[in-house]
Amino acid sequence: FPMEVVAQEDEEPPTLIKHLRKELKSKDAMRRQMALLDINTLAYCRVSCTVNLQSIQGRQLRIENETGAGAVVDLDALIPDLMTSYRQGPADGHRLLALSALLNIGNEKALERLIEEEAPQSEGVQRATQRGLASFYLEKYPELTERAFRTRRLTLDQVARAKALRMKRAKEAGGEEAANE
């Protein structure tokens with residue numbers, strides 16, 4: 001086969017994720033910001049939505065979640081790029097958009113990594129990060145709310161215990177259902 005044909009066969013068609021990744025890696029700060037706005041909008045969409053893409057002027061994207069479970073678009077592939085944007089964004093506004101996207105995507109492993117790494121940020125970004133993470137975990141594990149408000153502190157250990165307790169209860173409930181059948 002001629003090399004041109006082989007190269008064309010190996011190239012995958014452009015996808016939304018590839019487009020957004022390319023925009024996030026752009027040298028143009030405005031293109032990166034428009035991609036972050038698109039990612040936030042897509043991550044926030046849970047059932048169906050029409051997105052006016054900021055990174056492709058004049059393009060609309062209509063998305064529906066046929067299963068009704070999870071996110072409409074799986075944006076987990078963009079997490080490494082979003083982490084880089086959060087750590088090295090050109091300005092606090094850029095870093096906050098990346099943080100918002102990470103929180104809206106809701107990948108717990110990425111959020112735990114964000115906590116553990118503690119990338120040096122301005123005081124405002126650090127406060128927003130702490131509030132955003134606390135809000136994410138308290139919404140997901142409301143049983144932690146009372147203790148967090150009392151101690152004014154929420155740790156990953158508390159989250160891990162709440163997660164383990166939920167898994168234990170789910171297994172017990174599953175075992176009881178099997179025994180009743």
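The lining of the largest pocket comprises 12 nonpolar, 5 polar and 4 charged residues, where Ala, Val, Leu, Ile, Met, Phe, Trp, Tyr, Cys and Pro count as nonpolar, Asp, Glu, Lys and Arg as charged, and the others, Gly among them, as polar. The model is predicted, with local features requiring pLDDT of at least 70 and side-chain atom pairs counting only at pLDDT 80 or more, while totals for chains, interfaces and linings use all residues. Residues are numbered from 1 along each chain as its sequence is written, and side-chain values use heavy atoms, with hydrogens and water left out.

The volume of this largest pocket is about 770 Å³. A pocket here is an open set of points on a 1 Å grid over the protein atoms alone, where a 1.4 Å probe fits and protein lies on both sides within 12 Å along at least five of seven lines; lining residues have an atom within 4 Å of a point. Grid points are joined across faces, edges and corners, and the volume is the space filled by probe spheres set on the points.

Among the 21 lining residues of the largest pocket, T129, Q130, R131, L133 and L154 are the closest to its centre. Two or more lining residues come from each of helix 6 (108–117), helix 7 (123–140) and helix 8 (145–151), helices being DSSP runs of H or I, at least four residues, numbered from the N terminus. Helix 7 contributes the most, with 8 residues.

Helix 7 also features in the second largest pocket, giving the largest share of its lining, 5 residues. This pocket has a volume of about 210 Å³ and is lined by L103, I105, G106, G132, S135, F136, E139 and K140. Helix 5 (92–105) likewise supplies at least two residues of that lining, which by class holds 3 nonpolar, 3 polar and 2 charged residues.
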